[in-house]
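Good morning, and thank you for making time on the agenda.

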Amino acid sequence: ILRGPNLNEDSDPEDMVSIRLWIEEHRIISLRRRNLKAISDIQQRIINGKTIHDVADFICQLTARLSQRMETALSNLTDLTDSIEEEVLENANDSLRNNIIDVRKKAILFRRYMAPQRDAIGQLRMSDVAWLSHTNKRQLQEIYNHATRYIEDLDTIRERSQIVKDELSNMLTSRLNNNLYMLSV
């Protein structure tokens, strides 16, 4: 079972789309409920005349496409975190708290699905199946490294959003204390 970000219309990327695969040496059976852009990418490559050589090549292409799509979604989440952080420093107000919570929630959801996927890719690259060549295992190792980096990035986003939330709370508390002091005077 692999997952990719939900890039369908009117959907949230963190609402990951799963694809279930049964893989044999000369056959792949896949099942999914919703569209997955990574599959559309591979389908378009085939239409454009680029062939898939074997089962292992398909798996490597699929996991690479899922990784590329994930990178875009995580980049957007990082940019959102940066903008919220700047807003808090420039103009701290209570309305930003929900934005911060939303970023944390998205990071948690992405990580929930990315960690098992990284482990599945890791197990596949270490497996002794005959249809997986040394070159395919190197490609899977590269994708595994990307997945590890994405998980680390998600942890960083989660930590940064918590720090920004704490900073916002401190700034709002300080502002309230100043107002109370002025009223007391």
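Which elements each supply at least two residues of the lining of the largest pocket? Please bear in mind that what you see is a predicted model. The answer is β2, which covers 17-24, together with α2 and α3, the latter spanning 96-126. Of these, α3 gives the largest share, with four residues.

The volume of this largest pocket is about 170 Å³. Its lining consists of I1, L2, L21, I23, I59, T63, A120, I121, Q123 and L124. In terms of class, eight of the lining residues are nonpolar and two are polar, with no charged residue.

For the largest cavity, the space amounts to about 60 Å³. Around this cavity we find R3, T63, L66, S67, M70, M114, Q117, I121, I143, A147 and Y150. Two or more of these lining residues come from each of α2, α3 and α4, where α4 is the helix 134-184. Here the largest share belongs to α2, which contributes four residues. The cavity lining comprises seven nonpolar residues, three polar ones and one charged one.

Let me turn to the helix packing. A packed pair of helices is described by two quantities, the angle between the axes and the distance between them.

I take α2 and α3 as the opening pair. Their axes approach within 11 Å and cross at roughly 160°. The two helices are therefore roughly antiparallel to each other. The sense of this crossing is left-handed. On the α2 side, the contact is made by I59, T63, L66, M70, A73, L74, L77, L80, T81, I84, E87 and V88, and on the α3 side by L96, N99, I100, V103, K106, A107, F110, M114, Q117, I121 and L124. These contact residues divide into 17 nonpolar, four polar and two charged.

Next come α3 and α4. The axes of this pair come within 8 Å, with a crossing angle of roughly 160°. That angle makes α3 roughly antiparallel to α4. In passing α4, α3 forms a left-handed crossing. Sorted by class, the residues in contact between α3 and α4 are 21 nonpolar, six polar and nine charged.

How do the axes of α1 and α2 cross, and at roughly what angle? Helix α1, residues 37-47, and helix α2, residues 55-90, have axes that come within 8 Å and cross at roughly 125°. This makes α1 oblique to α2. The handedness of the crossing is right-handed. From α1, the contact involves K37, A38, I39, D41, I42 and R45, while α2 brings F58, Q61, L62, R65, L66 and R69. Six of the residues in this contact are nonpolar, one is polar and five are charged.

Conventions
Residues are numbered from 1 along each chain as its sequence is written. This is a predicted model: local features need pLDDT of at least 70, side-chain atom pairs count only at pLDDT 80 or more; totals for chains, interfaces and linings use all residues. Side-chain values use heavy atoms; hydrogens and water are left out. Axes are lines fitted to C-alpha atoms, for helices over the stretch in contact, and angles run from 0 to 180 degrees between N-to-C directions. Angles under 35 degrees count as roughly parallel, over 145 as roughly antiparallel, 65 to 115 as roughly perpendicular and the rest as oblique. A crossing is left-handed if the near helix is turned anticlockwise from the far one by less than a right angle, and right-handed if clockwise. Contact means heavy atoms within 4.5 Å. Ala, Val, Leu, Ile, Met, Phe, Trp, Tyr, Cys and Pro count as nonpolar, Asp, Glu, Lys and Arg as charged, and the others, Gly among them, as polar. On a 1 Å grid over the protein atoms alone, a cavity is a set of points where a 1.4 Å probe fits but cannot get out, and a pocket is an open set with protein on both sides within 12 Å along at least five of seven lines; lining residues have an atom within 4 Å of a point. Grid points are joined across faces, edges and corners, and a volume is the space filled by probe spheres set on the points.
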